Amino acid sequence: MTHEPINKSLLYKLAKREYRYTQDLPSKPDPSIGTVLVTGASGYIGGRLIPELLSRGYRVRIMVRGRSPEYHELWPSVEPVYADALDIDQLRAALDGVHTAYYLIHSLLLGRKDFEAADLQAAINFRIAAQAKGVKRIIYLGALGDMRTKLSSHLRNRIRVAEELRLGEVPVTILRAAIIIGSGSASYEIIKHLVNRLPLVPIPKWALNKCQPIAVRDVIKYLVGVLEIPETAGRSFDIGGSDVLTYADMMKTLAEVRHQKRVFLFVPFANLGFYSYYASFLTPIPAAITGSLMEGIKNEVICHDESIKGFLPFEPLHYREAIVGALTREEQDNVRTSWFSAYPPAHELAIKLHELAPGPQYTARYSILSRKNSWLLFASICKIGGKEGWFTHNWMWRLRGWLDRALLGVGTSRGRRSQTTLTISDVIDFWRIEDLKPDIRLLLRAEMKLPGKAWLEFKIDPEGDRNRLWVVAHYYTESFFGRLYWYIFLPFHHFIFSDLIRQIEKRS
Ligand SMILES: NC(=O)c1ccc[n+]([C@@H]2O[C@H](COP(=O)([O-])OP(=O)(O)OC[C@H]3O[C@@H](n4cnc5c(N)ncnc54)[C@H](OP(=O)(O)O)[C@@H]3O)[C@@H](O)[C@H]2O)c1
């Protein structure tokens, strides 16, 4: 067997193409600032802030709830701490010796009923622990909105979190933003999918409300900038992009930029619950997030205070530029973080295969012997899903995806963050990567609606001078319907997985 001298890390690890949002920031790195803690490090904003802080020479500690080797691979110099903000002792340990803490925690995925209480408790704990540990500053990214008006539960919650954090002695800098536009951001994905999927886009009356979207790069610039300007401590700032637009304008601009001919039709029917379901059905964003974000559309979110410009005088991007930036990142296959990057480790779907007691009840194995080397086979496995599809019987995968969407599951439209790189916790359509051992194993955990828990495992075992390529489906259920589901789908599995494995081998 021969091994090609190819750099495997290019395929499996996150692309490390260097570009920095903060290159032209008017502030300068401050070497007197000690350890900087980034909470929400697994999230959309946290994942983009960390490399910027590192590039400016800061000592960074990241706070996450779930242990994963991906953090060390992404940022070898950061110090990871494992803490849940709902556990004050864990927070105290995480904040020990910290100079400045970024507060980027929120729990929208818990759903409307539960996220408010969880977020408030997390903020109270954080304030108490930060004060006890003598933290010098907290920087919080919250949301725009006027508490004197009737705000959506999401916006109200973001403002109440700010108020809770400010009750302590540690000075808090609050940055208040409307929707954030960038590759992988939830709001951008909703707008993009609605425009993509609908030749005739309905415009209810609340889509004519005003909003001041901001590009993700400008958010990161403000987050880093306020750290470097001590006078911003203890103050609250509105941050926004260079345009005030209606939601209808945003959809129209996106269609224009993409040269998509769309008819925008004003409709008198304005039931928000219906539109939330409809948006959740047409986009890959889970109902828990779409519902909260859509509720916020009823409120005008524009900046009333421009004082941040006195401290950080740069021109934020226009909405159109932010859209072009996001589309470019997608084309370059260089999306750094996405709305699906964060995933609560306590979520019942996050149970790992090896944690399952007494183990999966059902297993179906399919294998073939190949003369090809393990690197080629593994590279072929790593191409599945997203734009490439599932190599064979794609219509069946799509049908399963639509069924999942109808049940408000994640469906297949999440695709992949990148078509050329994979890392643990990445999403592949309705799967999430649980384990990735180059040339040996790729384990995917199902996140679609199922009457049980399922995993799909790809393995390569050497056998003499050849390699055995395996696809193994694991399934666990406690219900009668769950068992029925397994047996109904077993013949399809046989058909799909046997063909899939042959295609993987053929394409490798
Ligand atoms: N994205 C936007 O469009 C937008 C717009 C305006 C303002 N913001 C604000 O920006 C901040 C960050 O947002 P984001 O989009 O980056 O959020 P995100 O991607 O959903 O990430 C949320 C983070 O919170 C963490 N978290 C949740 N509950 C926690 C707990 N109990 N203990 C510790 N960590 C916990 C999650 O960690 P796990 O991995 O452990 O779940 C995750 O890293 C939020 O305050 C949000 O309001 C965002």
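Which residues of β2 are buried on one side, and which on the other? Val 60, Ile 62 and Val 64 are buried on one side, and Arg 61 and Met 63 are buried on the other. Both faces of the strand are therefore covered, and β2 is largely enclosed by the rest of the structure, because five of its five residues are buried. This is a predicted model.

**Strand β2**

- Strand β2 spans residues 60-64.

**Partners of β2**

- Strand β1 covers residues 36-38 and runs parallel to β2, with three bridges joining the two.
- Strand β3, residues 79-82, pairs with β2 in the parallel sense over four bridges.
- Val 64 stands opposite Tyr 82 of β3.

- Strands of a sheet pair through backbone hydrogen bonds, either parallel or antiparallel.
- Here seven strands form an open sheet, and the pairing is parallel.
- The strand order is β3-β2-β1-β4-β5-β6-β11.
- β3 and β11 (236-239) are the edge strands, each pairing on one side only.
- From one strand to the next, the twist averages 20°.
- β1 also runs parallel to strand β4, residues 100-103, and three bridges join them.
- Val 36 stands opposite Thr 100 of β4.

**The ligand shell**

- The ligand is surrounded by 33 residues.
- The closest are Gly 40, Ser 42, Gly 43, Ile 45 and Arg 65.
- By type, the shell holds 18 nonpolar, 12 polar and three charged residues.
- β5 (137-143) and α7 (186-197) each supply at least two residues of the shell.
- β5 gives the largest share, three residues.
- In the sheet order, β5 stands between β4 and β6.

How values were computed:
Residues numbered from 1 in each chain as written. Predicted model: local features only at pLDDT ≥ 70, side-chain atom pairs only at ≥ 80, totals over all residues. Near = placed C-beta within 6 Å. Nonpolar A, V, L, I, M, F, W, Y, C, P; charged D, E, K, R; others polar. Buried ≥ 20, exposed ≤ 12 C-beta atoms within 10 Å, placed from the backbone. Pairing = 2+ DSSP bridges. Axes fitted to C-alpha atoms, helices over the stretch in contact; angles between N-to-C directions.
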